[in-house]
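Hello,

Here is the structure I promised to pass on. My notes on it follow below.

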Amino acid sequence: MSYHNPDALVSTDWLEANLDNPTLRIIEVDEDVTAYGRRHIPGAVAWNWFEDLQHPVRRDYLDGQGLGTLLSRSGVGPDTTVILYGGNNNWFAAYGYWLLRYRGFDNVKLLNGGRLKWNIEGRPMATNVPSYEATGVTIEGEDRPGLRALRDEVLARLDDATYVDVRSPEEFTGEKLAPDHLPQEQPYVGGHVPGARNIPWPKAAEEDGSFKSREDLEALYGGEGVGPDRDAIVYCRIGERSAHTWFVLSQLLGYDRVKNYDGSWTEYGSLVDVPVEVG
């Protein structure tokens, strides 16, 4: 059985055959913002997930106009298809995909397997940084609130939505406050949204970083009561890992009642007098 939206992905075979296709723009979005400078897919440009995608002052993202400017300076024209990829199973690439779709830009796909699969297969890499002329492109679409959960909705729906916590089991129980490679001194309490299902986001990927089959994904999420017939809100710590799970549920499985709570535990765990479960 194929994915619900197979066009949301491109394969490594296809991308290598289309590296010189002028209608494509390959963009790397990675947690490790230094990885691009070491080696990257030929022709790719880099977006720094924090400096390029975030609002410069408040806790939010670039608006549609700001993202349009970013696309323009990356050489993305009105007929260009954006191919996103990154390391660690594409987690920050999926974050970029979710944000573009939320802001109304649809001509975007993920490289299935990302940097890991590309490297495992010994495909070409480059060190030179390409330069593209600005295109003046704008994002014509509008924000899609159906893709994003904000604080008030999260608090109002504790009893009637399915919450999917995609963090590690140790973060879910409250034993740890962040992934192992990050400081554990955080401003929020430990724990999870009451009643949330803990389905760590890496479970959706194979060892080479590519997504598991549709059948395996349906079994993974369905086994925890997550399906197409109930609203689901996915969250992690800052919204990037949950964007990966949002991609799986919405694009690969076709569940159209899924929102990413990008405020995630950084926000929820810092709120005063909200219910929290531990253990």
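**Surface patches, salt bridges and selected residues**

Val278 is exposed, its relative accessible area being 59%. This residue sits in the segment that follows α10 (264-268). Together with Val189 and Val276, Val278 makes a nonpolar surface patch of about 240 Å². Before going further, please note that this is a predicted model.

There is also a charged patch. Glu206, Glu207, Glu215 and Asp216 form a negative surface patch. Within this group, Glu207 is placed in the loop that runs between β7 (197-198) and α8 (214-222). Glu207 has a relative accessible area of 80% and is therefore exposed, the cut-off being over 50%.

Next, the salt bridges. Side chains of opposite charge can pair when their charged atoms come close. How many salt bridges does the structure hold? The count is 24.

One of these pairs is Glu28 with Arg115, whose side chains meet at 2.5 Å, N to O. The pair links distant parts of the chain, with Glu28 in strand β2 (residues 24-30) and Arg115 in helix α5 (residues 114-120), 87 residues apart. Are the two partners buried or exposed? Glu28 is buried at a relative accessible area of 2%, and Arg115 is buried as well, at 12%.

A salt bridge also joins Asp143 and Arg103, with 2.8 Å between the closest N and O atoms. Asp143 belongs to the loop between α5 and α6, while Arg103 is part of helix α4 (residues 91-103), so this pair ties together parts of the chain that are 40 residues apart in sequence. Asp143 counts as partly exposed, with 38% relative accessibility. Arg103 counts as buried, with 5%.

Lys117 and Glu121 make a further salt bridge, at 2.4 Å from N to O. Lys117 is buried at 17% relative accessibility, whereas Glu121 is partly exposed at 33%. Apart from such pairs, there is a network: salt bridges with shared partners join Glu153, Arg157, Asp160, Asp231, Arg257 and Lys259.

Arg103 comes up again in the surroundings of Leu62. Leu62 is in the loop between β3 (45-48) and α3 (64-73). Its relative accessible area is 17%, so Leu62 counts as buried, the limit being under 20%. Which residues does Leu62 contact, leaving aside its neighbours within four places in sequence? They are Asp52, Leu53, Gln54, His55, Leu67 and Arg103. Leu62 and Leu99 are 37 residues apart in sequence, and their C-alpha atoms are 9.2 Å apart in space.

The loop between α3 and β4 (81-85) contains Gly75. With a relative accessibility of 8%, Gly75 counts as buried. Not counting residues up to four places away in sequence, Gly75 touches Arg25, Thr80, Tyr132, Glu133 and Thr135. From Gly75 to Met125 the separation is 50 residues in sequence and 20 Å in space, C-alpha to C-alpha.

Where is Ser264 found? Ser264 is in helix α10. Ser264 is buried, with a relative accessible area of 0%. When its neighbours within four places in sequence are left aside, Ser264 is in contact with Tyr235, Cys236, Arg237, Ile238, Gly239 and Ser242.

Lastly, Ala156 lies in helix α6 (residues 151-156). Is Ala156 buried or exposed? Ala156 counts as exposed, at 63% relative accessibility. Ala156 and Val82 are 74 residues apart in sequence, and the distance between their C-alpha atoms is 36 Å.

Regards

Key
Residues numbered from 1 in each chain as written. Predicted model: local features only at pLDDT ≥ 70, side-chain atom pairs only at ≥ 80, totals over all residues. Heavy atoms only, no water. Patch = residues over 30% accessible without salt bridge, like charges linked within 9 Å, V, L, I, M, F, W, Y side chains within 5 Å. Areas by Shrake-Rupley, 256 points an atom, 1.4 Å probe, with all protein chains shown as cover. Salt bridge = Lys/Arg side-chain N within 4 Å of Asp/Glu carboxyl O. Lys, Arg positive; Asp, Glu negative; His and termini not counted. Charge placed at Lys NZ, Arg CZ, Asp CG, Glu CD. Helix = DSSP H or I, 4+ residues; strand = E, 2+ residues; numbered from the N terminus. Buried < 20%, exposed > 50% of the residue type's maximum accessible area, 1.4 Å probe, protein only. Contact = heavy atoms within 4.5 Å.
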